[in-house]
Amino acid sequence: DAEEYSLHLRHDNNNNNNRGKKKHSWKGVKNQCDTKSKDEWAKRVGWYVATIEGEKHALSLLSTALRAYDASVVRKKGVATKESDLNLPEDWELLFMDEKPKSKKASKKKEIVK
């Protein structure tokens with residue numbers, strides 16, 4: 001049931017193809033690369049850093065970093081968490097379910113006053 005999100009970075013030495021394009025960003029998670037590394041993966045793809053309660057946590061998978069950040073937000077805000085606070089609100093659908101079932105008009109009765 002593990003789901004993976006992948007980030008495909010296009011390496012372009014002169015950056016001509018990337019001018020004017022908006023870089024994707026996530027809430028509380030950043031992609032980090034080591035341009036001086038001899039390791040091509042670390043140099044071009046890198047890893048993900050999730051900021052949780054003020055501390056930075058380096059994680060190898062984007063999905064893990066996004067879920068770790070989202071879980072920290074839900075722990076902190078509880079039921080006050082908004083879908084817009086999270087990267088993957090679909091993972092928390094039970095949190096956003098309407099607690100009260102919608103009543104049907106037919107079931108509403110008017111009170112008769114004498």
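**View 1. The largest nonpolar core has 13 residues.** This is a predicted model: local features need pLDDT of at least 70, side-chain atom pairs count only at pLDDT 80 or more, and totals for chains, interfaces and linings use all residues. Residues are numbered from 1 along each chain as its sequence is written, and side-chain values use heavy atoms, without hydrogens or water. A nonpolar core is a set of buried Ala, Val, Leu, Ile, Met, Phe, Trp, Tyr and Cys residues joined through side-chain atoms within 4.5 Å. Buried means under 20% relative accessible area, exposed over 50%, and partly exposed in between (1.4 Å probe, protein chains only). Trp26, Val29, Tyr48, Ala50, Leu62, Ala65 and Leu66 have the most contacts inside the core. Helix α2 gives the most, with six residues. In soluble globular proteins, nonpolar side chains tend to be buried together.

**View 2. Trp26 and Tyr48 form an edge-to-face pair.** A search of the whole structure finds one aromatic pair. The ring centres of Trp26 and Tyr48 are 6.3 Å apart and the planes stand at 85°, so the pair is edge-to-face. Rings of Phe, Tyr and Trp (its six-membered ring) pair if their centres lie within 6.5 Å; planes under 30 degrees apart are stacked, over 60 edge-to-face, and the rest tilted. The pair links distant parts of the chain, 22 residues apart: Trp26 sits in the segment before β1 (29-32), Tyr48 in strand β2 (residues 47-52). Both Trp26 and Tyr48 are buried.

**View 3. Tyr48 lies in strand β2.** Tyr48 counts as buried because its relative accessibility is 4%. The C-alpha atoms of Tyr48 and Gln32 are 5.9 Å apart, although 16 residues separate the two along the chain.

**View 4. Asp85 lies in the segment after α2.** Asp85 has a relative accessible area of 16%, so it is buried. Its side chain makes a polar contact of 3.2 Å with that of Lys77. A polar contact is a pair of N or O atoms within 3.5 Å; within protein, one must be able to donate a hydrogen and the other to accept it, and residues adjacent in sequence count only if both atoms are side-chain atoms. Leaving aside neighbours within four places in sequence, Asp85 is in contact (heavy atoms within 4.5 Å) with Lys27, Tyr69, Val73, Lys77 and Ala80.

**View 5. The protein has two helices and three strands.** Helices (H or I, at least four residues) and strands (E, at least two) are DSSP runs, numbered from the N terminus. From that terminus on, the order is β-α-β-β-α.
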